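Student: Please take me through one loop of this model in close detail, and then on to whatever else in the structure deserves a look.

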Amino acid sequence: MRTMLLVDMDAFFASVEQRRNPALRGRPIGVIGSDHRTVITTASYEARRYGVKTGMNIYEAKRLCPGLVLVIGDNDRYIHTSEALKDLYLRYTPEVEIYSVDEAFLDITGSCHLFGGPLEVGRRIKEEVKGLFGINATVGIGPNRVVAKLAAELSKPDGLRWIKAEEVEGVLADLPTEMLWGVGRRVSERLRAIGITRCGELGRAPAGLLRARFGIVGERLKALGQGREPEARDRCGEGVRSIGHSTTFPRDLCSPAEMEGWILRLSEMVGSRARRHGLGGRTVSVVVRYRSFETFSRRKGMGQATNDTHRIFHTAMDILNSAGLKEPVRLLGVVISGIEPVSGQVPIFEEQRRRAALLEAVDGVNRRHGPFTLTWAPCLKRLRKGVIAPAWRPSGVRRSL
Amino acid sequence: MTMVDEPVAVIASFGGRGGMRPLRFRWNGRVIHVKGVTYRWVRREGSRRLHLFSVTDGGTLYSLCFDPAGLSWRLEAVETEI
């Protein structure tokens, strides 16, 4: 039986800022991306008590919590802390999967007995995180990642909970389906439409009914309802379904021409990450979020799988130019999907060979000296630092359920 | 927060349980005694790794940056604790 442990930092960015500035401790704070932006990236628990949430407009947040202190976030602090946390986890097991900037799964199956059992590992990690960084972490433990995640959700903040395999069915029986990792509000609404509101009901629902309503996702939902992890994925990129990056602009932009540099920057981030892992994508998607927060995405195929920045960029620009933007845009994302390993075949044509050599040289410099040390000229004006995306991780591509 | 970005002379201790730690520094003709390091982190600039410290003298928060390549310190920003 596996033992998985999830470490989830409590209100990570806000906790780091409260640690850094003692005057902020115990006060309601909201971390924002820049002084031009108006959206809360993370709210401290003190602010959450007033109803302040991630993604909330600062005006709404201030209305709910007039004493809210806004703090501009700093990626370097969060990245450094996240990397140091990874080093800490590796002292307990070599099987560490960094899921996001503030969440990591540890497979402690083979190592927990060395430390006195799963709960003792969880207790020690919480204590060390508190001692080193002064911030609280919640630890969830279970027989797989789904249950570990649930255990953490049920015990936040500053919690520690172990749901053993024999307890899973009982814990899930009466929980709302929204509590499950990977079951969002929309899926829950669709489940409610067929009379399923509890995890236990989802786990017992006929597979045929779920398949008819949700397609292949139906079987995954049933597995989640039973507290099982839908499918095993390995750690080398197989199972990765997409690679993407998004950014919120310092100010809303109106035309595709204004967004060109940003699209190139995002395409380079996606392309370089895919190249680092020998992966490519057959489809490019562009995610657009308007000022009103209405969000949509459009996609376009590229034929063969690629990780060439410029092919991704040109496809993304085609999508954007034909999207017919109706409002100023606050956020753009570029995603490649249809992921597959890109073969090491030597390009036939001289132009392709030169491109491949150029990308290899650029990647080599950036690996050695840091991202965007060498980059495309239109990206130079877009090297600002907003607050890092929660999905950021120190290395590798993110696996998803 | 007020951005400063000036070179400063710092007395620091190296090694020991807490690792590197600024103890006091001279800025604007005053010697500022560090009462506590509230956070420390690393920033990469090209191939350089800069070590940053948020330190307090009890009323004001200072961001100090140590560049191991040049063995130099800079005061990056000053924040009055609110």
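Tutor: Phe293(A) sits in the loop between strand E10 (279-290) and strand E11 (295-306) of chain A; helices (H or I, at least four residues) and strands (E, at least two) are DSSP runs numbered from the N terminus. This is a predicted model, in which local features need pLDDT of at least 70 and side-chain atom pairs count only at pLDDT 80 or more, while totals for chains, interfaces and linings use all residues. Residues are numbered from 1 along each chain as its sequence is written, and chains are lettered from A and ligands numbered from 1 in the order in which they are written.

Although Phe293(A) is not a glycine, its phi is positive, about 80°. Phe293(A) has 11 other C-beta atoms within 10 Å and is therefore exposed (12 or fewer such atoms make a residue exposed, 20 or more buried, and anything in between partly exposed, with C-beta atoms placed from the backbone). Leu71(B) lies in the loop between strand E7 (60-67) and strand E8 (72-80) of chain B, and it counts as exposed because it has 7 C-beta neighbours inside 10 Å.

Back in chain A, the loop between helix H6 (145-155) and strand E8 (160-162) holds Pro157(A). The peptide bond joining Lys156(A) to Pro157(A) is cis, with omega about -10°.

Now for a helix pair. H10 (residues 207-214) and H11 (residues 217-225) of chain A pack at about 130°, their axes 7 Å apart; axes are lines fitted to C-alpha atoms, for helices over the stretch in contact, and angles run from 0 to 180 degrees between N-to-C directions. H10(A) and H11(A) are therefore oblique to each other (under 35 degrees is roughly parallel, over 145 roughly antiparallel, 65 to 115 roughly perpendicular, and the rest oblique). H10(A) contributes Ala207(A), Leu210(A), Arg211(A), Arg213(A) and Phe214(A) to the contact, and H11(A) contributes Val217(A), Gly218(A), Glu219(A), Leu221(A) and Lys222(A). Contact means C-beta atoms, placed from the backbone, within 7 Å.

Finally, the chains themselves: 13 residues of chain A are in contact with 14 of chain B. On the side of chain A that touches chain B, helix H1 (12-20), helix H4 (75-89) and helix H14 (350-369) each supply at least two residues, and H4(A) gives the most, with four.

Key. Two residues are in contact if their C-beta atoms, placed from the backbone, lie within 7 Å.
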